[in-house]
Structures are given as C-alpha cells and as structure tokens.
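Morning, everyone. I have one structure to walk you through today.

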Amino acid sequence: MKDSLAEKILDYALSHGGDYAEIFAEDTDRTEIVLMNEKLNTLSVGKERGIGIRILTGTSCWYYYTDRSDESFLLQALKDWKSGKGNQNATWNMPVETVYQQEKKWQKAELAEKKALLERCVRAAQEEGTYLAKLRASYVDMDQRVHIIHTDGGNIRDHRMKTRLTLTAFAKDGNEQRSSFTGPGAMQGFEFYHHIKPEAYARKAVRNAEALLHARPCPTGKMPVIIANGFGGLFFHEACGHSLEADSMAYGQSEFSGKTGQKVASEKVTLVDDGTIPNGWGSLRVDDEGVPTQKNILIENGVLSGCLADRLGARKLGIQPTGSARRQSYRYAPVSRMTNTFIMPGQDKPEDMIASVDRGIYVKNINAGSVNPVTGEFNFHTKEAFLIEDGKVICPVHSATLIGTGGEILRKVEMVGDDFALDQGYCYAGSGAIYIGAGQPSVKIAEMTVGGDKA
Amino acid sequence: MRTEHEFEQIKKLTQELTQQGFTDLSFYIKTIEKKTYSLDQKGIGSSQYASDIMYSIEGTLQEKICKIYTNQVEDAREIARLMEAAAVDQEQAKNRLEIPERAEGQEQMFQWQREEEVLPYLEEAQTLAQEEGNVQFVHQCTYEQHKEEICLIDPEFHVMRDYDGYHCFRFGVTAGNLLQRETVLRCMYGTCVQDMDLKGCVKKTVQETAGTVGSGGTEPLRSGVYPAILSGAVMAELIDAFLPAFFGENRREGMSGLKAEVGESAASDHIWLREVPDLHGARRRRTIDDEGTPTSDKYLIRNGILQEILHNRKTAQQENTESTGNGFRFSLQSNVATGVTNLLFGSSDEAKRKTLKELEQELQEGILVTKVDGVFAGADSVTGEFSLIAGGKRICGGKEEGSFREVTISGNFFDLLKRIKKVSVDTQTTFPDIASVTAPAVAVGDMIVSGK
C-alpha cells in the first residue's frame, strides 16, 4: 500500500474520533498438495492480496476488509464507520518504515519438487507397513508479505514463510481401521526438508497406526493420565492457554480473571508462550499488529504471572500488548492468540511416571480439543491412547475424549518429565486458522475424566 | 461481481490468457459482502464490514490442467505465470464446465440493514437478559448479515449466477453464582431484524442457562449407561459432524462409517433426512451448486431407508452416475468437494412426534443432553464413533430435576440413528460456522456416560 493512501486513511480515522487506527496489507502465495498414496488428490495454488482497516475508539472496534486497494473505494468505505466527535487537533506523522529482513534467503521450490517430496514419503510408508491401507501425504507452504501501518508509530514490513508436511497413515486389518499422523513444520522455506528426514516421519506414522490395531474399548471414569511429550502440549493450550487470552480475561469472563499473582497450578507447572523461537512453526518476528513477539511467561511455578494481549484486549485489561495479536489473513481482525505454547521441562522420568500408575491411560498423541474459557471446561480427543495397568503399558485402547476444567486440572499435575519436545499444529478460533506450536515434556495428571466407550 | 468493470476484466484476462496459449478457460467467482454489528458485555458496540472477491481459474496449457485461485486479475502475465507453475498432467478426463446459453440466475431479494436500525434491537436484547437474576453477563450479542454472489463462466463465456445470503442473530449468556457458571449460545436466522423474534430467542437462551444453574443445582453424574434425549442443537451438531459419511468420495475411499447401501436401513423406520436448497428464512438458498449443477430437494434417508449418496461432478463421474448438485467449496481457496445446502431431520410418524416435556415424561429416568463441545475432534465420520464433553439436565420421574456437566457421552452415531424412538416437535438449527442443519430433540435409548 502506498504511504500516501495509508496516511489519508489513518488521518481520516484520527480526525473523525478514532483514537487508534491501523492498516494491515497482505500479499500471500500458498500451495497445498495432497497425495492419497501415489495419486494426486488435491492441488491448490493461489495468490491473494487484501487490506484490513481497523479503527479503535476506546474499546469500540470498527473493522473493514477488502481485496480492493483503489483510493476512492477505500475512502468511501470509511464512511460506513460511525465516527465519534472529530478531533481536528489529533497529531500524527507517518512513521519511518521498518523492514524485517530474513538473514538467509528462504528457498523456494517448483511444484514437481514438492510433489516428489510427498512421493518419497509414500514410498517409505509402503515399505514400512504391513497393514497400511493408505498414506495421505499433504504438503503446504505459505509465503506471506505484510505491511502494517498504525497510528502508534508503526510502519512495518515483514516477510513470513511457513511450510509443513502432514502424513496420515491408515492401517487396516479386516474391518478395523486406525490412523496416526506426524506433522513436521517450520517458519522456513523448502530448505527445511533438507534438515529433517521426511521419510522417517512417514515410517513413524505407519508404525503408530499399526500399533493401534486391535485396540480394546477404552475404560470410562476418573483415573490417572500420562500425556506424552511433544504435541501433548495441546492439552495445556486448551486447558488454560485460551483462557489466558485477553479476549477471555477481559471483564472477568475467564476462570483466571483477576487471579494474577495467585497460585493456580501445581508448582511443577511453568507455562510459556514464546513467539520468538528461531524457525518455529508458531513463531513470528512481529505479530499481526506490528508488535515484536516476545517470550511470555503465563504461569511460573504454579503462580499466574501473565496473559496474552493484543492492543484492544490490552486496553480492556489496562496492560501493554504482548506481541500476541494474530489473524489468519486480512479477512480477520486480530485478536490475542497463542504462538508456541509449552510447559517447561521438569526432572521426572517418563518411565517412573508409567511405573507409578496402577490403572490409567497413556496418551501418546492428541487429535484436537477445545475449551469454554468462561467455565474453564475443556476437552481434547486422543489420537493414540494406551491402557496402563500395574505400572506397565498394556495395550492400545480406542480413542477417547479427556475432559476437565483448567483450574482443577492444573493443580493435579503430579509429575513433569525431562523429555521436552515441541510440535506443530493449527488453532481454530475467532481470528481464523493460525499455525501454532505446542509442546511439553511427558506430564502425569493425578486424575481426570476419561470418556471411553467401555461402560 | 460488484461492478461491470470486474466483468470486463475477466473478458480481457480471457483474451490475454488465450493469446498465451491457454485453452478451455473457465472461471468460478465468489463475491462476499458482510455487515456485522455486536455489543460487548458493557454494551459497547463494534462493527465489521467486508467486500471481498475470489476467482478460481481453470484452463489447459499444452494438455496439462492449470488451476489457481486469486483475488487479483489485473495482471494477466502474473496469472499466466501462476497457472503455468500449477500445471499438472491430466490424470482423467477434464471435468469441463458447460453452461447452457442464457442461464442467468435470478437475484434474490436481500435487504441490508444499517447499524442504527439494528443496534436498538441488540440493546433491548441485552437489557432483557441482564434483568434476569442470575445472568452474570451477555457474552455474545451479534447481528450478522452475509450476502454472496456466485458467478460461473464456461469456456464459451456463458455466464451463470446464483445468490445466497442470510441474517443471523447470535446470543450467548453466562449465568451462575459463586460456585458455578454456565453458558448457553443460541442463534436464529431470518431476512430482517424487524421480522425476527429476537426477544423470544433471548428468553429461551436465558431460560435454558438459568435452568441449568438454577433449581436442583449441579450434581456430579456417575459413570454408567443412561437412557437419553439429545436436544435439537446437539442432534444438529452430530448430523453435521457425520455428514461426510454420506459423500461419494468418502464411500469410495472406505472412509465412511455409514455401512448401509442405498435401499437398506440406515435409521429407525420413521426417520427422514432431507436436503432443502431453497428454504425460506433458512441460512442458505441456492439454485445451483458451485459447479453449476442445479441443486435439488431430496431425501438422504426416508422411512429409515438410505435413499441417496451425495455427489459432485468428479465423484459422480467416478461412480458412473450424475452429480446430485452437491459440489461445493468449503472456502474461497479450496477446490470443489461435496457439501449441502440446508438439511432437515425429522420423523414421518405423527405418533412419534412429541413435545420435549412429553419425551421427558415417557423417559421417566435418564438424562437430557443439551450441549456438547469439541465435536470437530471427538466425532469420527470414518468409524461413526463419538466421545464428547457434554452437559444437560437429569430427568427424574419424567421431569427435569437439576443439571449435570463435565461428563462425556460416547457411542456410534450410525447405531444411534437406528435407535431413535421419538422426536420433539421443536427444532434447533446449527450456527453459521458449520453446515446448515435443523433437527428436533431425539430420544435415543441408552448412552454411555463417563462422569464421577
């Protein structure tokens, strides 16, 4: 967007009663390829460009988005804003541009190379599997250029590149079919695939899916649960991460509202959201309001120490933004969301955790979950679960939903392992689907409700 | 499209791409306009407006298929570069878009409402709820207007248009006391705010929330098997989650938990599931799908028998059949997959349609499940299995007596369809975020509950 047009829009907003205004201009290329075994199932290649204009007046928000960038159209669109009393004396100067440069250029690849990468994964999976029915191999990349100009003195250009593989293996024996997935991703270009072993991820998905065959019905009721390291961190993303976003925390809506400084979890829990992790799938240099990302400690040794705030949420809470404003695209106004969220490692050994359980569930992989931040009730669905009896992992069990309330479960964290890992996924909420990291070491919860299928 | 200029741009782009060697060019163009007004819990208004377009362009270059999406079509060279980069070998006969001449659709009336017209209704709704004793706050009070135009252009430059749009009121309240909180979110659809019973929606929402935290209190529910009624909202959400099992591609790939073949029993013998594309006051009103095939009013299940599997053009071709007019795109960027317009679920047997109170009376002892969450994760359309966090009310002696929360319910959806004994006369409809499904409450027999 031309600075002169941006200046006109922001001038209009400030001189007609807005006390903050911002333009988010985006230019994004995206490719998605899906193979079902060797066969091309989906190919989506595209490019889009758009603008989101936001004006704040106190805590009132006006948002407009469009694909159009012509001056007359945008200035006309502003007329839909029911402005307040104009402040003709509002002073504002177009800030100097800050450009975030990638030190080492991200590598791009042709469609054929991307497809060949998936074909390698399919071949590796087929070599590995005895019961493999199919491998769904998906590749996605996104090359996003954003220009954020706002009246708090920001004129920022940032370039983001993300890429990810999702490999879902379906194992079948007779009528029974089970699946498992792996999903490595990063804020990098195609060079990411030179640093990892894609075939190894495919083989792992196959092994995990086959291990789930002949699973028994999952028991129901309250019991100890051990959640394995890595994407198990989604558990805390749901159990308390969303409830610590400013939109939830404002106006006393979250179960954690007004509890900063209070003990809300077992002292073994230190919860962090860190958007600065180099090459992290959930990382960003600046958030979608142009605020540099940072490491936010949300819970420290069990004590609530912070929350995640975008500008509007920060206004409602009377705090500073934390570099946590995110949106899927210009079609969404930014809200506070997580980046890479994880539990810091502890000193317990995973094998000791399993040995400590008489009868419970070992969750090796998680599918997805959700939370009601107002009540704190969360749920997450296991992808790969196993029964523990007498301190040993006995057999796979059918997938189940594990539930609880964040405030209650956080206090029941009994052991925290030393085997930290960070994995990748997506989060779907108010400002669309965004890429997030979720991580943890293995964690033992003393007791939670397991929604199995064995009465 | 929003302007004649945009249409002329497509003509120009077609000429330029043709000069560069592209043939068989076809376009899918979706234009979206939105106006949303909302009040936060302190009564402060916010609004969101949108005017957006997306083009999906398909063509052939040197016998390769090239398909892309974009929202910028001024630069033909950039489009050509993108299409060339996306070229893939034709693995099957191209699904060429062919539109009959003069197939222009009829624009449906869509009445926009201004912020100043809507806000008084929202304020009134919020005040009405806040006057109730145990309502802590209104966490959602939103009026959404959504209009879209779908334009298809085939290689002969025949044009076909369709129009869709809705008005939706979303209302959510949190009620509670020092010990517990409960939230309920409801929505309703219509064509203008004056004709929609916002107050009725507010009253129902408040009543439901207050009922949950009110009389009887919340008691932990023990794990076990309970005779159950699922509310209309819960049943509608479950139907949406298991809908992919009715899609041709999933049946073909062995990814459908619906094992019945067409003509076989798939539900209790009084149950029907019907798609109604042109339903007045509903969320969707489409005359063609996103591939230009006419939509049609049809039964998926009738008298408990599976009537039809849903197809788009590609999946129909694979099965040597005709598209059922169910080729839809899930997002502006996605390819055509299978989808629906409006689904209605019900019972054809008058004797099996009762009020909710009568259903509870007949149940005597059991549970009424009024909400579930995490359906997108905890319901698997490949196996039919579900395990979901749930809340609701206990039924004792045929009456609601206290509430329960934080339990899971689990089972197999396709088995559940065969166990439906009776349904309620009242229905509820899903939120705009998922497929449009309207369903009554259903008495489903025993349900596995994991609780205390």
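This is a predicted model: local features need pLDDT of at least 70, side-chain atom pairs count only at pLDDT 80 or more; totals for chains, interfaces and linings use all residues.

Start with one residue, A:G58.

Where does A:G58 sit? You'll find A:G58 in chain A, in the loop between β2 and β3, with β3 covering 60–66. What does A:G58 touch, once neighbours within four places in sequence are set aside? The contacts are A:D19, A:L312 and A:R315. Here is a distance for orientation. From A:G58 to A:S248, C-alpha to C-alpha, is 18 Å in space. In sequence, those two are 190 residues apart.

Now the interface. Chain A puts 67 residues into the contact, and chain B puts in 68. Interface size is often quoted as the accessible area lost when the parts come together. For chain A and chain B, the buried area is about 5500 Å². Carbon and sulfur atoms account for 48% of that. On the chain A side, look at A:K47, A:Y65 and A:Y251. These three lose the most area to chain B, and together they make up 11% of what that side buries.

How many salt bridges cross between chain A and chain B? The rule finds five. One salt bridge joins the side chains of A:E377 and B:R405, at 3.4 Å from N to O. Which element of chain A gives the most to the side that touches chain B? That is strand β2, residues 39–57, with eleven residues. By class, the chain A side has 23 nonpolar, 26 polar and 18 charged residues.

Last stop, the cores. In soluble globular proteins, nonpolar side chains tend to be buried together. Here, the largest nonpolar core has 58 residues. Within that core, B:I29, B:I57 and B:M83 touch the most other members. The biggest giver to this core is helix α3 of chain A, residues 111–128, with seven residues. There is also a second, separate core of 53 residues, and among its members are B:A241, B:I271, B:L343 and B:L416.

Zoom in on B:I57. Leave out residues up to four places away in sequence. B:I57 still touches a list of residues including B:L13, B:L25, B:F27, B:I68, B:V73, B:I79 and B:M83. B:S26, B:K67 and B:T70 are also among its contacts.

That's the tour. Over to you.

Key. Residues are numbered from 1 along each chain as its sequence is written. Chains are lettered from A and ligands numbered from 1 in the order in which they are written. Side-chain values use heavy atoms; hydrogens and water are left out. A nonpolar core is a set of buried Ala, Val, Leu, Ile, Met, Phe, Trp, Tyr and Cys residues joined through side-chain atoms within 4.5 Å. Buried means under 20% relative accessible area, exposed over 50%, partly exposed in between (1.4 Å probe, protein chains only). Helices (H or I, at least four residues) and strands (E, at least two) are DSSP runs, numbered from the N terminus. Contact means heavy atoms within 4.5 Å. Buried area is the accessible area (1.4 Å probe) that two parts lose on being put together, summed over both. A salt bridge is a side-chain nitrogen of Lys or Arg within 4 Å of a carboxyl oxygen of Asp or Glu. Ala, Val, Leu, Ile, Met, Phe, Trp, Tyr, Cys and Pro count as nonpolar, Asp, Glu, Lys and Arg as charged, and the others, Gly among them, as polar.
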